[in-house]
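Me: Hi! I'd like to go through this model with you, starting with a side chain and then moving on to the rest. Here it is.
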Amino acid sequence: MTEINHHLTESLVMGYAAGTLPEAVNLIVAAHVSMCDTCRAAVEAHEALGGALLDDTDAVAMDDGALQRALDAVRGADPEPRPIRVAEPDPIVPAPLADYIGGGLDDVRWRPLGMGVKQAILPTAPGATARLLFIPAGTAVPDHGHNGLELTLVLQGAFSDEGGRYARGDVEVADGDTEHMPVADISADCICLAVTDAPLKFHGVLPRLLQPLFRI
């Protein structure tokens, strides 16, 4: 079993249990929870607490037409169905992520960023952006700070930065106080799921020039 040393924050666990996170953040939390017994237990504890609070809440009377309006809204909704695809599970890809990439890593449509680094931006609702990152073994990501939240979940390989070493299943939570330059371990290519809710603050000129093109 993979030993996980870096976990979600309490606020992320609470937001996930309450269903209040943006879709991209929800995705990375779900992926980590599917790999981490500790955070899965924390989510279950918050869900149980939320259920207990609802049980203690006094019922609120509804007007006569409320149920019918809710049913009409549901029937009138026309959500775009996701394509259903049956495929063999990819041992690298957590189940919550598989639908977003259409199966396994072989189905990912990578786009080059330079120096062998590649990314694939995943389709999610506005509010935050999710992307897969492929970083060749021994390669460094340009040093940068943050205008908001950056979550990085390791799926394959490992990387190290000022915060420590992160291997499969570990999640790094970076914010406005974090300055770092992640470097992939030399032993294997590193593949991560990364989520941001604001553009990164690159310090180098070239990364800043390319940033709008790469939507980082």
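Predicted model: local features only at pLDDT ≥ 70, side-chain atom pairs only at ≥ 80, totals over all residues.

Me: Which side chain does Asp185 meet in a salt bridge?
Reply: Asp185 meets the side chain of Arg165, at 2.5 Å from N to O. Asp185 lies in the loop between β9 and β10 and Arg165 in strand β7, so the pair ties together parts that are 20 residues apart in sequence.

Me: And what is the relative accessible area of Arg165?
Reply: Arg165 has 47%, so this residue counts as partly exposed.

Me: How many salt bridges does a search of the whole structure find?
Reply: Two. Asp37 and Arg40 also meet in a salt bridge, at 2.2 Å. Both residues lie in helix α3, three residues apart, about one turn of the helix. Asp37 is partly exposed at 44% relative accessibility, and Arg40 is partly exposed at 28%.

Me: Changing topic: how much space lies in the largest pocket?
Reply: About 540 Å³. The pocket is lined by 28 residues, and the closest to its centre are Leu113, Val141, Pro142, Phe202 and Ile216.

Me: Which element gives the largest share of that lining?
Reply: That's α6, with five residues. Among the other elements that give two or more are β1, β3 and β5.

Me: What does the lining look like by class?
Reply: The lining has 19 nonpolar residues, six polar and three charged.

Key. Residues numbered from 1 in each chain as written. Heavy atoms only, no water. Salt bridge = Lys/Arg side-chain N within 4 Å of Asp/Glu carboxyl O. Helix = DSSP H or I, 4+ residues; strand = E, 2+ residues; numbered from the N terminus. Buried < 20%, exposed > 50% of the residue type's maximum accessible area, 1.4 Å probe, protein only. 1 Å grid on protein atoms, 1.4 Å probe; cavity = no way out; pocket = protein on both sides within 12 Å on 5 of 7 lines; lining within 4 Å. Points joined across faces, edges and corners; volume = space filled by probe spheres on them. Nonpolar A, V, L, I, M, F, W, Y, C, P; charged D, E, K, R; others polar.
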